[in-house]
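The following exercises are to be worked through with the sequence and the coordinates at hand. Please try each task before reading its solution.

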Amino acid sequence: MKTMEIIHLRLAGRVPEDLVDIIRDSVVSVPDLTDARIYRNSKLENDLAIHLHREVSGPEDKASDVGIKLASLLKNYGMVSHYVWTECCSLDKWSRPDETG
């Protein structure tokens, strides 16, 4: 099962220059992460979302250790919310239902 954790950070001020490095150092050596990305709100420069993607066995809807630690660390920079999402289906744009009949 695939999960995605979203850690939303609303910074109290400007984005510190070393924040991306701090986030990268927190997630770089985590073996069960399949992907990690940082997004910035297109209208609010001080609004970030960190997405942590994992492949887990069995139904796991709890936050990962790295997600919990990262959310706790980021609370030093502003307001944080932390959510776990589990994939329910895949929408593959190349596969279409059979339309022949």
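This is a predicted model: local features need pLDDT of at least 70, side-chain atom pairs count only at pLDDT 80 or more; totals for chains, interfaces and linings use all residues.

**Exercise 1.** Determine the strand order of the open sheet, and state which strands stand at the edges.

*Solution.* Start with the order, which for the 4 strands reads β2-β3-β1-β4, with antiparallel pairing. Next, look at the ends of that order: β2 (33–40) and β4 (78–86) each have a single partner strand, so one side of each lacks a neighbour in the sheet. Finally, when direction is ignored, neighbouring strands are turned against each other by 15 degrees on average. Helix α1 packs on this sheet, where it touches β1 (2–11), β2 and β3, and its direction makes about 165 degrees with that of β2.

**Exercise 2.** Describe how the axes of helix α1 and helix α2 cross, and which residues make the contact.

*Solution.* The axes of α1 (residues 19–27) and α2 (residues 65–74) come within 10 Å and cross at roughly 155 degrees. Because angles over 145 degrees count as roughly antiparallel, α1 is roughly antiparallel to α2. The crossing of α1 and α2 is right-handed. From α1, the contact is made by Leu-19, Ile-22, Ile-23, Ser-26 and Val-27, and from α2 by Val-66, Leu-70, Leu-73 and Leu-74. Sorted by class, this contact of α1 with α2 comprises 8 nonpolar residues, 1 polar residue and no charged residues.

Definitions and conventions
Residues are numbered from 1 along each chain as its sequence is written. Side-chain values use heavy atoms; hydrogens and water are left out. Axes are lines fitted to C-alpha atoms, for helices over the stretch in contact, and angles run from 0 to 180 degrees between N-to-C directions. Helices (H or I, at least four residues) and strands (E, at least two) are DSSP runs, numbered from the N terminus. Angles under 35 degrees count as roughly parallel, over 145 as roughly antiparallel, 65 to 115 as roughly perpendicular and the rest as oblique. A crossing is left-handed if the near helix is turned anticlockwise from the far one by less than a right angle, and right-handed if clockwise. Contact means heavy atoms within 4.5 Å. Ala, Val, Leu, Ile, Met, Phe, Trp, Tyr, Cys and Pro count as nonpolar, Asp, Glu, Lys and Arg as charged, and the others, Gly among them, as polar. Two strands pair if DSSP finds at least two bridges between them.
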